[in-house]
Amino acid sequence: MFTGQERRARQRVRFFVSESDPRKFMQEFARGVAGFTEVFLCDPNGGAGEAARIEALRQMPMENRFTKTPEGWLMIPTGGSGGQLKFARHDEQTITAAVRGFTRHFGVERVNAVGVLPLHHVSGLMAWLRCALTGGEYVPLDWKQLEGGDLLPLPAKPDGWVISLVPTQLERLLRNPAAVAWLKEYRIIFLGGAAATPGLLDRAAALGLRLSPGYGMTETAAMVTALRPEDFLSGARSSGAPLPHARVAVAENGVVSIGGESLFRGYYPEWRTPGEFKTSDLGHVDPQGHLHVLGRSDAVIITGGEKVNPAEVERALRETDEFSDVVVVGVPDPEWGQAVVAAYPASTCPDLAKVQRSIVSSLSAYKRPKRYLPVENWPLNAVGKVNRAEVARLLS
């Protein structure tokens with residue numbers, strides 16, 4: 001417990017949680033919440049850009065929390081529509097609305113989850129908070145150990161167990177028969193963060209895995225639509241129907257908008273005007289009311305569930321002085337959904353070993369190109385500007 005003086009003192013600081021160990025993360029998170037501070041969740045393995053952004057936040061003047069309602073104090077990192085690091089404001093009202101909608105949609109009283117996603121990410125965070133707020137059990141597992149075949153036996157629970165995966169993780173687990181048998185024990189296997197290939201979904205269905213592909217984002221406190229496992233096993237292939245707390249609409253131009261109680265309050269330090277949130281995603285709603293996501297209306301690459309801004313990667317590559325020109329695009333990939341690929345004119349000879357060494361300190365691992373490809377006849381338009389769409393077409 002804190003005295004009034006301690007509480008007021010803690011309101012004058014920001015609290016940054018940056019822990020890769022789940023149990024340490026939960027302890028730090030609890031300290032931040034108890035201190036009534038503005039709590040920022042940070043990627044402990046973020047690159048130089050993220051570190052600079054966080055340092056800038058540390059130096060900003062504090063808001064006067066004494067005169068505000070307790071809204072928007074939990075800052076969850078997101079790539080945002082432009083791929084730049086932002087913090088979406090949430091609080092107990094938006095989080096509990098999302099948890100309440102989740103339990104009603106799936107008919108679960110207590111949520112018991114195995115967590116393999118990082119807790120600073122909204123998908124990992126909500127997996128834990130659903131358990132905490134419903135009195136269920138949360139078991140964090142190290143993904144590398146799980147991928148290596150360390151399959152933790154799960155005790156029987158009246159409400160069963162759930163797990164959240166991104167398509168890359170599911171793809172890898174399906175290579176191990178023992179892991180497939182382990183996944184069959186789950187009541188629900190949530191799949192999100194990136195588009196799954198039809199082949200991956202069909203293989204999972206053929207194995208009898210109770211998948212629930214869904215749709216959501218940091219700004220909505222994770223999923224706002226989800227396909228129920230029984231519909232998935234019956235052959236449905238969509239992101240499912242809206243959860244009870246959410247509204248989903250698609251405009252004539254195909255852009256998806258979301259409404260509901262779990263919507264964020266704004267990108268820190270700004271506040272958002274209440275109302276529908278227009279996303280950067282394109283989709284349509286079928287006659288059954290299920291959402292089908294078709295892609296993004298912007299250039300952000302989604303690889304392994306993470307957003308990558310091509311402009312940031314290109315800037316880092318150019319800073320190596322090894323490229324006369326370079327374009328970064330997302331190329332369809334069965335493992336990553338999209339792979340980050342750097343293309344450059346074939347007439348040049350960049351030292352790629354030097355490039356890879358140089359960007360280790362400036363880019364997070366998931367942002368670094370998986371491949372570097374020379375392109376013959378570098379496509380330039382009439383004003384000498386590279387035709388990015390043509391480069392993407394050549395690499396796909």
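# Rings, charges and overall build

A search of the whole structure turns up 13 aromatic pairs; rings of Phe, Tyr and Trp (its six-membered ring) pair if their centres lie within 6.5 Å, and planes under 30 degrees apart count as stacked, over 60 as edge-to-face and the rest as tilted. This is a predicted model, where local features need pLDDT of at least 70 and side-chain atom pairs count only at pLDDT 80 or more, while totals for chains, interfaces and linings use all residues. Residues are numbered from 1 along each chain as its sequence is written, and side-chain values use heavy atoms, with hydrogens and water left out.

**Aromatic rings**

- Take Phe102 and Phe190: their ring centres are 5.3 Å apart and their planes sit at 55°, so the pair is tilted.
- This pair links distant parts of the chain, with Phe102 in helix H4 (residues 92-106) and Phe190 in strand S8 (residues 188-191), 88 residues apart. Helices (H or I, at least four residues) and strands (E, at least two) are DSSP runs, numbered from the N terminus.
- Phe102 and Phe190 are both buried; that means under 20% relative accessible area, with exposed being over 50% and partly exposed in between (1.4 Å probe, protein chains only).
- Phe264 and Tyr267 make a tilted pair too, because their planes are at 55°, with the ring centres 4.8 Å apart. Phe264 has 3% relative accessibility, so Phe264 counts as buried.
- One aromatic cluster is made of Phe16, Phe40, Phe87 and Tyr268.

**Charges over rings**

- Arg89 lies over the face of Trp271, 3.8 Å from the ring centre. For a charge to sit over a ring, NZ of Lys or CZ of Arg must be within 6 Å of the ring centre and within 35 degrees of the ring normal.
- Over the face of Trp336 you'll find Lys370, at 4.4 Å from the ring centre.

**Cysteines**

- How many disulfides does the structure hold? The count is 0, where a disulfide is a pair of cysteine sulfur atoms within 2.5 Å.
- Cys131 has 1% relative accessibility, so Cys131 counts as buried.
- Cys349, on the other hand, is exposed, because its relative accessible area is 74%.

**The protein as a whole**

- The secondary structure comes to 13 helices and 20 strands.
- For 396 residues, a compact globule would have a radius of gyration near 21 Å, and the protein's 22 Å agrees with that. The radius is taken over C-alpha atoms, and the globule rule is 2.2 Å times the number of residues to the power 0.38.
- Along the principal axes, the C-alpha atoms fill a box of roughly 65 × 55 × 45 Å.
- Buried residues make up 49% of the 396 residues.
- Look at contacts (heavy atoms within 4.5 Å) between residues at least 6 apart in sequence: 65% of them join residues at least 24 apart.
- The protein exposes about 18300 Å², and carbon and sulfur atoms supply 52% of it. Accessible areas come from the Shrake-Rupley method with a 1.4 Å probe; for residues, only the protein chains shown count as cover.

**Two loop residues**

- Pro153 sits in the loop between helix H6 (143-147) and strand S7 (162-165). Is Pro153 buried or exposed? Pro153 is exposed, because its relative accessible area is 67%.
- Pro153 and Glu185 are 32 residues apart in sequence, and their C-alpha atoms are 9.7 Å apart in space.
- Asn45 is in the loop between strand S2 (38-41) and helix H3 (48-59). With 59% relative accessibility, Asn45 counts as exposed.
- Asn45 and Glu171 are 126 residues apart in sequence and 24 Å apart in space, C-alpha to C-alpha.
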